[in-house]
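Subject: Structure handover and findings

Hello,

Here is the structure we talked about handing over. Please load it first, then read the notes below.

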Amino acid sequence: MRSRWWRGALLLGPLVWALTAGAARKPNVLYVFSDMQRAGSLGCYGDTNAWTPNLDQFAAQGLRLDAAISPTPVCCPYRAVLMSGQQVHHNRMLSNGADFQPTEKCFAEAFREAGYETGYVGKWHLGKARTPADPTWGFPAPGTEYGVYHFERNPTPTTDVALKFIKEKSRGTAPWMLFVSWIWPHSPYDRPEPYRQRFASVSPPPNVPAGAAREFALRSLPGYYSMIAALDAEFGRLARAVDEAGAAEDTIVIYTSDHGDMIGSQGYKAKRWPFEESARVPFLIRYPRALAAGRTLADPFSAVDVYPTVAGLAGVPAPSGLDGDDFSAFFAGKAASPPRDFVYLEMPYAYVPWPGWRAIRTRDYMYARTLEQPWLLYHVAQDPWEMRNLIDDPAQQPLARVLDSRLTEAMKRYGDSWSEKVAVGDVDLWQPGGPKQQTQSLGRAFPGQMRSEIAPFERKRKAASNDE
């Protein structure tokens, strides 16, 4: 009986939602995210290296986004964007170690006010270390049973706490919201059992150049995919818990990541880049009441949109001062087009000198520039590995001008500018010539690595050293 209802809900979800949204109990929300997992690391995204049977099955049960983007692809900034629905120049989490300063009610706060029981388990990494005196932004206090904010790499203990929350809260009458934050597959590239043999060797993607970058990829990818396989098993445990609690049809379940990982692609490491491996993340969402199963959307969607979109699906009021847009009607098939056809990205520091880079991602193109000049132009629809930068192609200059104009308009829309921002968190360590940046080299020059551009930063560091 239940399985027939399930199949019917998947086919008629949008209609059922339209007929019952006003009277039905608000849905639960289970938001599961990993750390440093690029979109092309799941079988459902076409990665033949991956072993992700649970996530692949989950993708078939709901909606898969093919252009989900981390607008500032770094750990703390992503988490601030997620919780605030604001770009980093508004919530002030410009870098790791900065101070989170949202100006509107945060994600879990809005849901708690709507009657939800909330919980957060796993990696927090949202500014300074939390103490019982710190604000909780709608979550239980640190150290309480479901206010577990830790950095343990092994995901199993985190999942164990999440399973207890799901089982316990699903027995109650109030809807619940739970965030599960895993640190894997973030470097270092562990190789957990029993996946070592399966990933004894992994072929790097075609955009990893020969030399140091390829050697780094060959060393790192086996561990990377091993961790992802382990996360897939943990996600399977969560999905079964929701099923066993009888809550599957009435729970919004999301799987995503905070940002990706270059692992040698384009000759670079880690994140903080506008390239697909750094900025594009998996995003799978299942909600039978509203979302038909087995759909894929190529339209760009930003982490800044998660808060208003989930609020829209759940019927929870969201503040008017968010930067994100509500995609819920589009996801449910009630709107023919998305509320916005691009994602805006910003990185005011790291590798590129102040004030960093800005970028725009549409369905077909990724365009990025620095203050001084255009930098990158890729036709990602035709060139998904970004093998050919079109920025210096004379035939593509009209397109580059159009995208540059669109980027300028996006900056105005979000109230961003090229004005130098206050150095916060760890930004100085990542500027050209900075110690953290220097540890990331795989032999390929970083943008702005010309001596004339490094010199001002070096002078600044030397002056600071002399003052000490």
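Ground rules. This is a predicted model, in which local features need pLDDT of at least 70 and side-chain atom pairs count only at pLDDT 80 or more, while totals for chains, interfaces and linings use all residues. Residues are numbered from 1 along each chain as its sequence is written, and side-chain values use heavy atoms, with hydrogens and water left out.

Overall fold. The chain has 14 helices and 15 strands. Helices (H or I, at least four residues) and strands (E, at least two) are DSSP runs, numbered from the N terminus. Of its 468 residues, 60% are buried. Buried means under 20% relative accessible area, exposed over 50%, partly exposed in between (1.4 Å probe, protein chains only). Among contacts with a separation of 6 or more, 70% link residues 24 or more positions apart. Contact means heavy atoms within 4.5 Å.

The largest pocket has a volume of about 590 Å³. The search runs on a 1 Å grid over the protein atoms alone: a cavity is a set of points where a 1.4 Å probe fits but cannot get out, a pocket is an open set with protein on both sides within 12 Å along at least five of seven lines, and lining residues have an atom within 4 Å of a point. Grid points are joined across faces, edges and corners, and a volume is the space filled by probe spheres set on the points. The largest pocket has 26 lining residues, with Gly40, Glu276, Arg280, Pro384 and Trp385 nearest its centre. Helix H7 (212-244) and helix H8 (276-279) each give at least two residues to this lining. By class, the pocket lining holds 12 nonpolar, five polar and nine charged residues. The classes: Ala, Val, Leu, Ile, Met, Phe, Trp, Tyr, Cys and Pro are nonpolar, Asp, Glu, Lys and Arg are charged, and the others, Gly among them, are polar.

Glu276 sits in helix H8. Glu276 counts as buried because its relative accessibility is 10%. Leaving aside neighbours within four places in sequence, Glu276 contacts Arg361, Val380, Pro384 and Glu386. Glu386 lies in the loop between strand E15 (374-379) and helix H11 (397-414). Its phi is positive, about 50 degrees, although Glu386 is not a glycine. Glu386 is buried too, at 1% relative accessibility.

The largest cavity has a volume of about 60 Å³. Of its 13 lining residues, Tyr78, Thr256, Val281, Phe283 and Ala303 are the closest to the centre. The cavity lining has nine nonpolar, four polar and no charged residues.

Thr256 is in strand E7. Its relative accessible area is 1%, so Thr256 is buried. Not counting residues up to four places away in sequence, Thr256 touches partners including Tyr31, Phe33, Tyr78, Val281 and Phe283. Tyr78 is also one of the buried residues of H3. In helix H3 (residues 75-84), 10 of 10 residues are buried. Gly85 follows H3, with a positive phi near 65 degrees.

Cores. Which residues touch the most other members of the largest nonpolar core? They are Phe107, Phe111 and Phe179, in a core of 55 residues. A nonpolar core is a set of buried Ala, Val, Leu, Ile, Met, Phe, Trp, Tyr and Cys residues joined through side-chain atoms within 4.5 Å. A second, separate core has 49 residues, including Trp176 and Phe235.

Backbone points to check. The Trp184 to Pro185 peptide bond is cis, with omega about 5 degrees. Glu193 to Pro194 is cis as well, with omega near 0 degrees. Pro185 lies in the loop between strand E6 (176-181) and H7, and Pro194 lies in the loop between E6 and H7. His125 is not a glycine, yet has a positive phi near 50 degrees. His125 is buried, with a relative accessible area of 18%.

Best wishes
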